[in-house]
Amino acid sequence: MTEFNRRRVLRGMLNGGAVTVGLPLLNTFLNGNGNAMADGTSMPVRFGTWFWGLGMSKSIFVPKQTGANYELPEEIESLRPIQKHMNLLTNLTAYRDGAFFCHYTGWVVFRTGSSPQVNDQAPGESVDVTIANQIGRSTRFKSLTAAATGDIRTVVSYENANTPNSSEVSPLNLYTRLFGADFQNPNAPTFTPSPKVMVRKSALSSVVDEIKDLEKVVGAEDKARLDQYFTGLRHLEQQFDHQLTKPEPRPACVPAAAPKEAQTGNEAQLVRQRHKLMSELLAMAAACDQTRVFNLSWSNASSNTTKPGYDKPHHTCTHEEGVDEKLGYQVNASWFARRSFEAWAEYVQAFANIKEGDGTLLDNCFIMANTDVAYARVHSLEGMPAFTAGKAGGKIKTGLHVDCKDGQGTSLGFTAMKIMGLDTESWGTKSNQTSKTISEILA
Amino acid sequence: MSSHYKCSVSALLRGSALAAVSAFALASCSGPAADSSPAASAKPAVEVASKVSEPETDGSTKRLRLLTQDQYLNTLAYVFGPDVRPDAYFPPAQRTDGLLSLGAAKAGITPTRMEVYQKAAVTVSALIVDPTRRNFVITCKPADEKAADRACASKVITDVGRLISRRPLTAEKRDAFVAQANEAATKLKDFYAGLGVALEAMLVSPNVLFVAERSEPDPATPGQYRLDAYSLATRLSLFLWNAAPDDELLKAAQSGEIHTAKGMAKQVDRMLASARLDQGVRALFDDMYGFDTFNALSKDTSVYPTFTGQALTDAREETLRVVVDHLLRQNGDYRDLFTTRETFISPALAAIYRLPAPPRWTKYEFPEGSQRAGILTHISFLATHSHPARSSATLRGKALRELLLCQPVPPPPANVDFSAVENPKGNLRTARDRVNFHLENPVCAGCHKITDPMGLALENFDGEGRFRETERGAPIDVSGSLDGKAFKDVVGLGQALHDHPALTSCVVKRTYAYATGAPTSNADRPLLAYFNTRFGEQGYKMPDLMRTIALSKSFAQISEKAPAAPGKTASLPSSQTAAATSN
C-alpha cells in the first residue's frame, strides 16, 4: 500500500467507526509480586529448543559428579555463567529400530519420538509442533524457527512427515517478521485497529470455500495436505485477529533496533554473530508474547562450520582427525564442540537477561537442547548428551547433572510435553516409546 | 525477458500479460513473429523417422503439486509484469528420486509458509493498485474512485483469476471475490484499496498455490482417463516454462484444441520456440544437477581467497548459460555438454580460471588440448562437490554417478573410522595416495571403487576448481577408468561419460519424472526405453526429447482405474496379485 493510500485509509477511518483506545500504565496489569497478571493468571510458560551437531568429547565433557555443584569439565567450561540456570543430562540412548542414518537418526528420535525409516524423512511431527499445537494457538506466531547456519535447508522441526518447518536464516528477516510493520507494541499508549486488516480478514472467507472444490478432486493422502493448508489459513486469520485486538501489556517487551544484514558464511565466528542476534530476537519475541514456542539451531547435524586456516569443516574433522595420543581426544573436533557450548551459554543467557515479573524470562521457559550423536567419529547413539534450561514457571529444578544411565533419549521430549501441560500417557514408538519423565529435574 | 510472440511483446510494453488479454491491449495474438527476439532458440523440430513407437501404458499419475518458489514467482512476473517479484523464500522441498520438484508433490504448507504467501500477496496487490502503475493491470476505470464498482472489479477479478488459477473462475467464485472487493471498497471508501484486498485473498487461494490435476474419461479410449484440458495445459507449461500457462495456451484449453494431436503439437512447438523455454530448461537442469547446493555453499576464504560470493553466483550461472546455449541456441547433442570447450566467463570466474577478466559475461572457448572440457570441469561441479578447503575425489565421483548417471551410491557404513585418511605423518601427498587407503580396505573398497577412479581424474582441479599440476609438490596422476573405459586425463573422462549409455537414459528418466511430477517406476521402463531410443534417433537434442515427452500419450493420459468395474481386480498382473496376497 502506498503512503497515499495509507493516509487515505486513516482518514477514512474517522467515518468507519474505528476506535482509538488509551491504555493504562503497564504495571497495573501485574499483581503485587509481578509473577502473574493482575487477574491471577500466571505468566505463560514458554517452550524452546536448541540444536547443535556432532555431540561431544566424552572424556572432557561428562562431569565426574552428578547432582548440584558439579565441576565443569574442560570442554564445557564456558557453561559456568549459566550452570545454575540449566541441567546437563548424560547417558541417554536413541534406539535405531532397524534403520540407521548416521547423522539423522539420533536427533530425529529426540525430536519426533521415533527412529526414521527413510533418510531425510521424518517419521512424524516434532515435539515443538506437538507443544505448539497445545500452547501456541493464542500468540501471533504459533512457533518460530531460526538457524544460525545460514542454510535454509537446516531442519529441526517437522509439521508432519513430509513438511519440514523451514528455518529463518537471516537475522534481519527474522527481525522484520517479528518487529517490522505488522508488529503491535503491547506497551504502546494507544491502540488503533486497522480497518484494512478488518477487510483483509473478511476477504479470507472467500478462500476457505475454495478448498471444498479441491477436496473433491484429490485422494485421501492429499486431503491431509489441504487440511494443513486450511490450518495455515486459520493461522492467518488468527494473526489478523491479533492485529485487531488490544494486546496485553508486556513490560519486558523492549525490541531493539533492526540489526544490520548479517554476513553469510560458515566460519564459526560468522555463525556466532548470527546466533547472537537470533538468540536475542527469539528471547524478545517470547518477552513480547509474539510466540510461546521457538527453535534455534547452532549447526546442522553434519555441521559444516569451519575453523579459519583448518582444512576440514566440523563434520569432516570428526571423522578424519586422529585422536591425540596424549590428550585422548580429537583436538580440532573439540575446538568445534567448544564453540557450540559457548553458543548454548549465549542462548540461555539471552533469556536470563530479560527481567519478567520478579524473576527472569528464563524462569518462565523450558528449553531443551539436543544433538545427533554422542561420539561423532563413529556415530554412536549411546551415551548421548542433552541440556535443559529454565525453571518452567517453577516446575523444574536447575543446576543439576543427571546421569540418565542409558535411559531413553525420548524421556526428555516426554518430560517437556508433561511440563507444558499435554495430557499424554506416553510418547514415541517401538523402542523409543516412553512414559517416563526425567524425575530428577522435576520440582 | 523477451518473447517470441507479438502479443507477449506488446504485453510486456504495457507491463503485464494481463494487459494482453484485455480489450485495451493490442487485440491480435497471432503466431510466431518472423523477426523474433535474438534469443530465438531451438530450430523447429524436424520429424525424424522412427523405428519405434510409444508402448501402451496406463498413463502417468495424477498429482496435487505445490507450486515451487520459481514457478510462483515466474507466474507473477508473467501475469503482472517483470517488476513484480516479491521477496518470497519458500522452504525447499525434499529431494525425491533425484529431483526437488518431485518433493513438491508431497509437500504441505506450514503456517510459516502461509505467512510468506500472505506477505507476498500484500506486496503484489499493492503494486497492482499503486497509482503509478495501476493502469498496467487494471484496464477499466471505476465510475467513482471512492466507491465500489462492480463491473470494473468483476473484469479485473475475472482476468486475473483465470491467469493465476490457470483456468477460468466459476461464476460463483468470481462473485464471491467481487463481493469482497465491493465490501472492502465501501468500507475503505476506495475502489482500488478494496480491489487490492480481494486480489490479496485470491493470491493465497489454494487453487493458485496448489496444482490439483483433474482427470476425465478419454473419449478416444474407453476405460482410459486423461488430464482435463486445463490440467494438461498447466502440466505442459510447468514442464516447458516453469510457469503457469499463458493466455494462448489457456485459449487452446478452453477450445479443446489442446486435446487434439494437431492442436497439442501446435502449442508444444510454439512453446519450444519461445524464449520462455530458457527459463524452463534452466529450472530443469538446476534441479537435476543439484544446484540448490549453491544456496548454502561456502569456501574457506583463507585457502581460496578468489572464491567470493560473486564467484559462487557466477559459477552456477556459467553452467546454466552453457546448458541453454549448447542445448537450445545451438540445438546441440546433450552428450557434448561433457566434452565442449565452449563456455561463458564472468570477471569473478576469470580469477579462478586464470584468464584475463572480461568486462562482463563473455563467451569463451578453452584452447584445444586444454584440460577444461565439458561441464565436469566447470567451477560449479568442481566446487560444489568438494570440501570447504580441499577437493574430494569421492564426492565428485559420487555426484557424477548420482546426478549424471542416475546410479545411487550407498552411504558409508555407520561405524567407519576415517582417521587413516588423515595421514598425520604426511607421507601421502596426493589425494590418490590417501584414497588408496579406501581401496586397500575391503570394507571401504566396495563403494569407493564406484566413485574414486573417476573422481581422481578431476584432481587437477582443487576445491574451488582452480587448475593445478601438483599437490604438495607431488605430480598428480589423473588417469582412471569409468565402467571399463580407461582414460589418461579429464578430457578422457569427459569422453567416457559422453559415451556412457547411462548418461542419456538418466537425463530421459529425470526429464520424464520432472515433466509429470512423479518418480518413475519399474512399470515405466518400456516407456523410458522408447523415449531414450527416440532421443538417440534425433541426435540427443533436448528440445526434441521434451517434445517427444510432451506429445506422448503417457504425458496426457492418467492411470486411474475406471470406477468399480466388476471383476477388475482379477486382471491384475500376477506379480502384483502375489505381492498383495503375501502382505
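A residue counts as buried when its relative accessible area is under 20%, so A:Cys102, with a relative accessible area of 16%, is buried. This is a predicted model, and the points below cover the contact between chain B and chain A as well as the three disulfides that the structure holds over all chains.

**The interface of chain B and chain A**

- The contact draws on 65 residues of chain B and 72 residues of chain A, and the area buried between the two chains is about 6100 Å², with carbon and sulfur atoms giving 57% of that area.
- Seven salt bridges are found across the interface, and one links the side chains of B:Lys119 and A:Asp182, at 3.5 Å from N to O.
- Between chain B and chain A there are also 20 residue pairs in polar contact, with both residues at pLDDT 80 or more.
- On the side of chain B that touches chain A, the elements that give two or more residues include helix 5 (111-129), helix 8 (171-188) and helix 9 (191-203), together with strand 1 (64-66) and strand 2 (210-212).
- The residues on this side of chain B divide into 31 nonpolar, 15 polar and 19 charged.

**The disulfide in chain A**

- A:Cys253 and A:Cys288 are joined by a disulfide with an S to S distance of 2.0 Å, and the link is right-handed, with 90 degrees about the S-S bond.
- Because A:Cys253 lies in the loop between helix 6 (220-244) and helix 7 (268-287) of chain A, while A:Cys288 lies in the loop between helix 7 and strand 9 (293-297), the pair ties together parts that are 35 residues apart in sequence.
- Both A:Cys253 and A:Cys288 are buried.

**The disulfides in chain B**

- With bonded cysteines counted along the chain, the disulfides of chain B follow the pattern 1-2, 3-4.
- B:Cys140 is joined to B:Cys152, with an S to S distance of 2.1 Å, and this link is right-handed, with 90 degrees about the S-S bond.
- B:Cys406 and B:Cys506 form a disulfide with their sulfur atoms 2.0 Å apart, and it is right-handed because the torsion about the S-S bond is about 80 degrees.
- Since B:Cys406 lies in the loop between helix 18 (393-404) and helix 19 of chain B, and B:Cys506 in helix 23 (residues 501-516), the pair ties together parts that are 100 residues apart in sequence.
- B:Cys406 counts as buried at 18% relative accessibility, and B:Cys506 counts as buried at 2%.

Definitions and conventions:
Residues are numbered from 1 along each chain as its sequence is written. Chains are lettered from A and ligands numbered from 1 in the order in which they are written. This is a predicted model: local features need pLDDT of at least 70, side-chain atom pairs count only at pLDDT 80 or more; totals for chains, interfaces and linings use all residues. Side-chain values use heavy atoms; hydrogens and water are left out. Contact means heavy atoms within 4.5 Å. Buried area is the accessible area (1.4 Å probe) that two parts lose on being put together, summed over both. A salt bridge is a side-chain nitrogen of Lys or Arg within 4 Å of a carboxyl oxygen of Asp or Glu. A polar contact is a pair of N or O atoms within 3.5 Å; within protein, one must be able to donate a hydrogen and the other to accept it, and residues adjacent in sequence count only if both atoms are side-chain atoms. Helices (H or I, at least four residues) and strands (E, at least two) are DSSP runs, numbered from the N terminus. Ala, Val, Leu, Ile, Met, Phe, Trp, Tyr, Cys and Pro count as nonpolar, Asp, Glu, Lys and Arg as charged, and the others, Gly among them, as polar. A disulfide is a pair of cysteine sulfur atoms within 2.5 Å. Buried means under 20% relative accessible area, exposed over 50%, partly exposed in between (1.4 Å probe, protein chains only).
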